Amino acid sequence: MTVQVCLTFDFDALSLWLARGATTPGPLSRGEFAAEAVDRILGLLERRRVKATFFVPAHTVQTYPDSCRAIVDAGHEIGLHGDRHENVSTLDYREELGINEKSIALITQLTGTRPLGHRTPSFDFSPHTVPVLEEIGITYDSSLMGSDFFPYLLRGGGTDWIGSAYEFGEPTTVVELPVSWTLDDYPHLEFYRSVDWVMPGLQDPRGMFDVFFEDVRFAHEEFEDPVVTVTLHPEVVGRGARLRALDEFIVRTMDLGAEFRRCDAVALDRLHDLTAT
Ligand SMILES: [Zn+2]
């Protein structure tokens, strides 16, 4: 089979800045632009006949219901992405469960179907994340980096005994569609400065998509049935030159023979394969 590519968009909007405590109009306006960018992205995806997955915090569903409805009406998937873009490592079990239950209720109300997918804000897990995902019956997650092109089953908590090898936990039936910071527009393109550190970003978007394309081509040429998951953010990729570069990436990737699919479709296929033994 050919390489499959999952285009994913994290529609963080204001939530990312609220989570950082950046509540003044300047940073919030950077999040506000995401809603405008979503319209353009939906237009591009429709033109290229690509279906994608949007991971949307509950706060964004509540703040921008019309944008979220437009995503659903265009045939794209919506998955869980926290409430106010919390760092999950700061949450206890009940808090993490409650945030996901709130998100499921809002997204189910919006789409008419229960969401199958989950991505933690900032690509991390707490010790409770796997049991919470099992409790809410999620089908797949897309936050970890234990592989590049091969979905795998999430494991329960591992054990780090000092003086001996790390012991991984038992596999669950939740599929992981792995991601990578190298395939994420945020560190490549977004400029961010706080009092403590600077993320320079602002790189050439065509250069970034060249890297993405070479990963897709490598996977296509080297492996059987690989999956490449690309992470994008509307407020980052939705500006002129970057959107043009995304369009070129989609066309080149299609010319290679790749197939763009929603994460839920890929995860359901892989769940069947991974649990078929
Ligand atoms: Zn996010």
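Trainee: What percentage of the 277 residues in the protein is buried?
Mentor: Buried residues account for 52% of the 277 residues, where buried means under 20% relative accessible area, exposed over 50%, and partly exposed in between (1.4 Å probe, protein chains only). This is a predicted model, in which local features need pLDDT of at least 70 and side-chain atom pairs count only at pLDDT 80 or more, whereas totals for chains, interfaces and linings use all residues. Residues are numbered from 1 along each chain as its sequence is written, and side-chain values use heavy atoms, with hydrogens and water left out.

Trainee: What makes the site of the zinc ion irregular?
Mentor: Donors are N, O and S atoms within 2.8 Å of the metal (3.2 Å for Na, K and Ca); water is not among the atoms, so sites may look incomplete. The protein donors here are Asp12 (OD), Asp12 (OD), His81 (NE2) and His85 (NE2), at 2.1 to 2.6 Å from the zinc ion. Four donors count as tetrahedral if all angles lie between 85 and 135 degrees; four count as square planar and six as octahedral if opposite donors are over 155 degrees apart and all others between 65 and 115; anything else is irregular. The angles among the four donor atoms are 53 to 137 degrees, and the site is irregular. Both His81 and His85 are buried.

Trainee: How do you know that Cys263 is in no disulfide?
Mentor: A disulfide is a pair of cysteine sulfur atoms within 2.5 Å. The cysteine sulfur nearest to that of Cys263 belongs to Cys6 and is 4.1 Å away, so by this cut-off Cys263 is in no disulfide. Across the whole structure, the search finds zero disulfides.

Trainee: Why is Cys263 called buried?
Mentor: Cys263 is called buried because its relative accessible area is 0%.

Trainee: Which residues touch the most other members of the largest nonpolar core?
Mentor: They are Leu7, Phe9, Phe11, Leu246 and Phe249, in a core of 66 residues. A nonpolar core is a set of buried Ala, Val, Leu, Ile, Met, Phe, Trp, Tyr and Cys residues joined through side-chain atoms within 4.5 Å.
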